[in-house]
Amino acid sequence: MPNATPTPTPAERHRSAVAPVAVANLSKRYGDQTVVDDVSFTLQPGTVTGFLGPNGAGKTTTLRLLLGLARPSAGSALVFGRPYAQLEDPIRRVGAVLESGDFDPGRSGRNHLRTLALAAGIGFDRVESLLALVELRAAADRAVRTYSLGMRQRLGLAGALLGDPELLVLDEPANGLDPAGMHWLRGFLHAFADAGGTVLISSHVLAEVAQTVDSVLILSDGRLLAERQIGDLPDAAGALEALYLELTGGETR
């Protein structure tokens, strides 16, 4: 009798689908200034990718182009095979945090998430489960203006997760987190990817990136200079720092 076919894991089921992110020859110019210059990369399901580069490298602009917040001057940035604006029910495909301060400071953390949930047609039970997940339940009824930067980062992540998305796009999510918070974030991102999700995370904390991601993309002056698998680097943290400094001329931010 033939062996039964094993049930595929979530990650295996997703790997047959279209790439979550496909960026091809992407460029963005503002007048005579080229901010993103002919950038191409593809992300696969079940992976965490670090997006690295000094300030002004073009990281945030690339993320904005990917999320439909700016229009490319050339090339394309597709999520699940389409421009972001053409996704059906995008909150259930993509979760993003680009600004940690995008909150009404007088609104409580719970009401911030409830407002987002109401707009998306998501039940408030999801809000409660996410407050527990990001460890903000005890502070949920406090005004956001009383939150530390790390707490705001957690609240932003909860908002990105409301629709149970397949792709997370996070801009400097470790800013303001203490060591325990960074350890929590690392574990969460690993679990998200293990379940078949995809993460693109920009950061300047190289030691933390080396412990968190599967691969890195390194930008400088709007150009993609390198793409490396962390597993291919001996002494990942030290090798990543040396590569980064070599490629970016010694700038760590």
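The legends below describe close-up views of cavities and salt bridges in a predicted model.

**View 1. The largest cavity and the residues around it.**
The count of cavities of 30 Å³ or more in this predicted model comes to 2, and the largest cavity has a volume of about 100 Å³. Its lining is made up of V97, Q153, R154, L157, L170, D171, P173, L177, W184 and L185. Two or more lining residues come from each of α5 (149–160), β6 (167–171) and α6 (179–194), and α5 gives the most, with 3 residues. By residue type, the lining of the largest cavity holds 7 nonpolar, 1 polar and 2 charged residues.

**View 2. The second largest cavity, lined in part by α6 and α7.**
With a volume of about 70 Å³, the second largest cavity is lined by A174, M182, L185, R186, I201, S203, E208, V209 and T212. The lining of the second largest cavity divides into 5 nonpolar, 2 polar and 2 charged residues. L185 is listed in the lining of the largest cavity and also in that of the second largest cavity.

**View 3. The salt bridge between R223 and D37.**
Among the 8 salt bridges counted in the model, one joins the side chains of R223 and D37, with an N to O distance of 2.9 Å. Because R223 belongs to strand β9 (residues 223–229) and D37 to strand β2 (residues 33–43), the pair ties together parts that are 186 residues apart in sequence. R223 is partly exposed, at a relative accessible area of 39%, and D37 also counts as partly exposed, at 26% relative accessibility.

**View 4. The salt bridge between R92 and D89.**
The side chains of R92 and D89 meet at 3.1 Å, N to O. R92 has a relative accessible area of 31% and is partly exposed, while D89, at 40% relative accessibility, is likewise partly exposed.

**View 5. R110, E128 and the salt-bridge network that includes them.**
In the salt bridge between R110 and E128, the closest N and O atoms are 2.8 Å apart. R110 lies in helix α3 (residues 109–120) and E128 in helix α4 (residues 124–133), so this pair ties together parts that are 18 residues apart in sequence. R110 is buried, with a relative accessible area of 13%, whereas E128 counts as partly exposed at 22% relative accessibility. Through salt bridges that share partners, R110, R114, E128 and D141 are joined into one network.

Terms used. Residues are numbered from 1 along each chain as its sequence is written. This is a predicted model: local features need pLDDT of at least 70, side-chain atom pairs count only at pLDDT 80 or more; totals for chains, interfaces and linings use all residues. Side-chain values use heavy atoms; hydrogens and water are left out. On a 1 Å grid over the protein atoms alone, a cavity is a set of points where a 1.4 Å probe fits but cannot get out, and a pocket is an open set with protein on both sides within 12 Å along at least five of seven lines; lining residues have an atom within 4 Å of a point. Grid points are joined across faces, edges and corners, and a volume is the space filled by probe spheres set on the points. Helices (H or I, at least four residues) and strands (E, at least two) are DSSP runs, numbered from the N terminus. Ala, Val, Leu, Ile, Met, Phe, Trp, Tyr, Cys and Pro count as nonpolar, Asp, Glu, Lys and Arg as charged, and the others, Gly among them, as polar. A salt bridge is a side-chain nitrogen of Lys or Arg within 4 Å of a carboxyl oxygen of Asp or Glu. Buried means under 20% relative accessible area, exposed over 50%, partly exposed in between (1.4 Å probe, protein chains only).
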